[in-house]
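Dear colleague,

I am handing over the structure that follows. Please look through it first; a summary of the findings comes after it.

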Amino acid sequence: MRLLAKAEILGLIRYSRAVECQYRVSREVRDGGVNRILLCEHYPVYTLGRRQREVLKCSEAAETVHTERGGLSTFHGPGQLVCYPILNLHQLRRGRYVGGVRWYVQGLEQAVIETCKVFGVVAERCEHVGVWTGGEKICSMGVHIQRGVTTHGLALNCTTDLSWFDAIEPCGISGKRMTSLSKARGRVVRVKEVMGVLVEKLGDVLGLEL
């Protein structure tokens with residue numbers, strides 16, 4: 001049996017508003033509400049994961065925020081599809097085998113890989129969390145799970161201005177560069193084109209009825 005979930009488009013919003021929305025929705029899901037997939041773009045912001053110990057001096061044109069998610073530093077901005085699945089993993093366990101955080105993160109990666117394939121981009125996993133193509137990172141990931149409910153998620157570069165990443169070492173990986181669907185495909189691939197495909201692939205991989 002597939003797990004019922006609902007996709008919601010939040011539009012272009014500040015990161016702080018997205019965090020507030022995730023907290024509210026995660027409480028609802030924990031109390032038995034419908035699982036959600038929140039989709040948005042952010043105004044320019046650098047986010048630091050739980051493993052990031054030092055304070056970075058990034059561009060003054062973007063705010064810098066500490067978060068509860070895993071991982072290190074990354075950038076969010078216009079042209080990047082940010083997806084926050086708010087899912088009750090306990091409910092998923094009732095109908096299928098779930099191997100915990102690793103299973104969940106690999107499911108997110110697979111959904112992004114399948115999404116990239118639709119747009120003619122061959123993507124893959126590597127030893128680092130996230131999704132890669134041609135040796136460059138196209139999608140960053142960082143999740144948080146509390147009492148079985150997921151928050152945070154993934155950020156897939158579509159038409160992102162990649163120069164924003166020059167101010168940091170994305171995800172703490174030295175010598176690696178970021179890319180986007182548009183750059184990898186050789187044509188403009190906009191967020192609105194990708195949203196529906198990503199939601200469909202998340203449903204297929206994680207067993208969601210959307």
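What share of the contacts in the chain with a separation of 6 or more is accounted for by residues 24 or more positions apart? In this predicted model, the share is 69%. The chain contains five helices and ten strands, and buried residues make up 55% of its 210 residues.

**The nonpolar cores**

The largest nonpolar core has 39 residues, of which V112, L154, L156 and L181 touch the most other members. Two or more residues are contributed to this core by each of β1 (3–13), β2 (35–42), β6 (80–86), α2 (89–95), α3 (101–118), β8 (136–146), β9 (149–157) and α5 (191–206). Another core, of 16 residues, lies apart from it and includes C21, V29, V45 and Y84. As general background, nonpolar side chains in soluble globular proteins tend to be buried together.

Leaving aside residues up to four places away in sequence, L154 touches L81, V82, C83, L108, V112, C139, S140, M141 and L198.

**The pair α3 and α5**

Two packed helices are described by the angle between their axes and the distance between the axes. For α3 and α5, the axes come within 8 Å and cross at roughly 135°. This angle makes α3 oblique to α5, and the crossing is right-handed.

On the α3 side, the residues that meet α5 are W103, Y104, G107, L108, Q110, A111, V112, E114, T115 and V118. Their partners in α5 are V194, V197, L198, K201, L202, V205 and L206. By type, the residues of this contact divide into twelve nonpolar, three polar and two charged. L108, V112 and L198, which take part in this contact, are also among the residues touched by L154.

**Two residues with positive phi**

Most residues other than glycine have a negative phi. R147, in the loop between β8 and β9, has a positive phi, near 50°. H152, in strand β9, also has a positive phi, near 55°.

Is each of these residues buried or exposed? R147 has a relative accessibility of 64% and therefore counts as exposed. H152, by contrast, has a relative accessibility of 6%, so H152 counts as buried.

With kind regards

Conventions:
Residues numbered from 1 in each chain as written. Predicted model: local features only at pLDDT ≥ 70, side-chain atom pairs only at ≥ 80, totals over all residues. Heavy atoms only, no water. Core = buried A, V, L, I, M, F, W, Y, C linked by side-chain atoms within 4.5 Å. Buried < 20%, exposed > 50% of the residue type's maximum accessible area, 1.4 Å probe, protein only. Helix = DSSP H or I, 4+ residues; strand = E, 2+ residues; numbered from the N terminus. Contact = heavy atoms within 4.5 Å. Axes fitted to C-alpha atoms, helices over the stretch in contact; angles between N-to-C directions. Parallel < 35°, antiparallel > 145°, perpendicular 65-115°, else oblique. Left-handed = near helix turned anticlockwise from the far one by under 90°. Nonpolar A, V, L, I, M, F, W, Y, C, P; charged D, E, K, R; others polar.
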